[in-house]
Amino acid sequence: MGNEMREELDYDPMDDMGIGRWLDDQYRFLNELPKYLRLWVESIDTKKEAVYKIDRESIFLTFNYTDTLESVYCIDPDNIKHIHGYVKNRNEELVIGHCNQKAISYALEKKKEAEINFVDFAVSTFDRVSKYCNATLKRTSSIIDENIGFFKNLSNVDKVIIIGHSLNKVDMPYFEKVLNSVRENAVWKAYYFEDTDEKPFEKVLNDLGIKKENRFVRKTQELYL
């Protein structure tokens with residue numbers, strides 16, 4: 001680390017105590033993430049033309065923070081669940097996260113090993129890593145419990161359409177909950193943008209336990225107006 005940076009700090013970031021303070025400085029912005037996320041979402045222009053053919057009488061589970069469904073597609077707000085928060089609700093904190101419990105457990109395990117071996121540098125490092133992961137942990141189980149009423153209302157749904165989602169692992173608990181809430185033989189259609197997503201999408205639906213005859217993977221262009 002250059003002398004210039006050391007002169008800007010009131011501690012040595014390369015000693016065992018200093019590394020902890022330095023990491024705290026680097027990750028201090030995490031406490032401000034929700035605020036910056038809201039500022040960014042509020043800057044998004046949703047005054048655009050509709051792109052997709054959408055049944056306005058459907059029930060919508062959206063991971064989008066904006067009012068796109070409400071303002072662009074004229075969907076009744078009562079039919080929409082903003083599962084990670086809605087930017088128009090000023091009293092609601094927007095959910096942001098990508099880390100998982102395994103990463104936190106791993107960091108805490110490594111921290112404990114470092115403590116046993118008296119490696120202060122590693123203790124400080126893994127302590128801050130665990131805090132970073134905890135700060136960016138998306139607590140899907142709690143969110144599902146808080147919105148259990150929405151999922152209970154899906155009991156008569158016989159078709160599930162997925163648009164604009166990467167089907168990443170961190171959000172799988174939501175799709176598992178939907179699967180266990182809708183009709184047993186509900187048809188699932190997942191739409192992808194890139195051709196390279198076709199097989200991964202097919203695998204995700206298969207891994208969810210959706211029967212082959214009930215799952216379809218299609219290009220998003222099929223939904224264009």
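Q: How many aromatic pairs does the count come to?
A: In this predicted model, the count comes to five aromatic pairs.

Q: What makes Y52 and Y224 an aromatic pair, and why is the pair called tilted?
A: The ring centres of Y52 and Y224 are 5.9 Å apart, and the cut-off for a pair is within 6.5 Å. The planes stand at 35°; stacked needs under 30 degrees and edge-to-face over 60, so the pair falls in the rest and is called tilted.

Q: Why is the pair of Y52 and Y224 said to link distant parts of the chain?
A: Y52 lies in the loop between α3 (33-42) and β1, while Y224 lies in the segment after β5 (215-219), and the two are 172 residues apart.

Q: Why is Y52 called buried?
A: Its relative accessible area is 18%, and buried means under 20%, so Y52 qualifies.

Q: Why does Y224 count as partly exposed?
A: Y224 has 34% relative accessibility. Buried would need under 20% and exposed over 50%, so this value falls in between.

Q: Which residues form one aromatic cluster?
A: F63, Y174 and F175 form it.

Q: How do you know whether T62 is buried or exposed?
A: T62, in strand β1 (residues 60-62), has a relative accessible area of 11%. That is under 20%, so T62 is buried. Leaving aside neighbours within four places in sequence, T62 is in contact with L69, I80, K81, H82, I83 and H84.

Notes
Residues numbered from 1 in each chain as written. Predicted model: local features only at pLDDT ≥ 70, side-chain atom pairs only at ≥ 80, totals over all residues. Heavy atoms only, no water. Helix = DSSP H or I, 4+ residues; strand = E, 2+ residues; numbered from the N terminus. Buried < 20%, exposed > 50% of the residue type's maximum accessible area, 1.4 Å probe, protein only. Contact = heavy atoms within 4.5 Å. Phe/Tyr/Trp six-rings, centres within 6.5 Å; stacked < 30°, edge-to-face > 60°.
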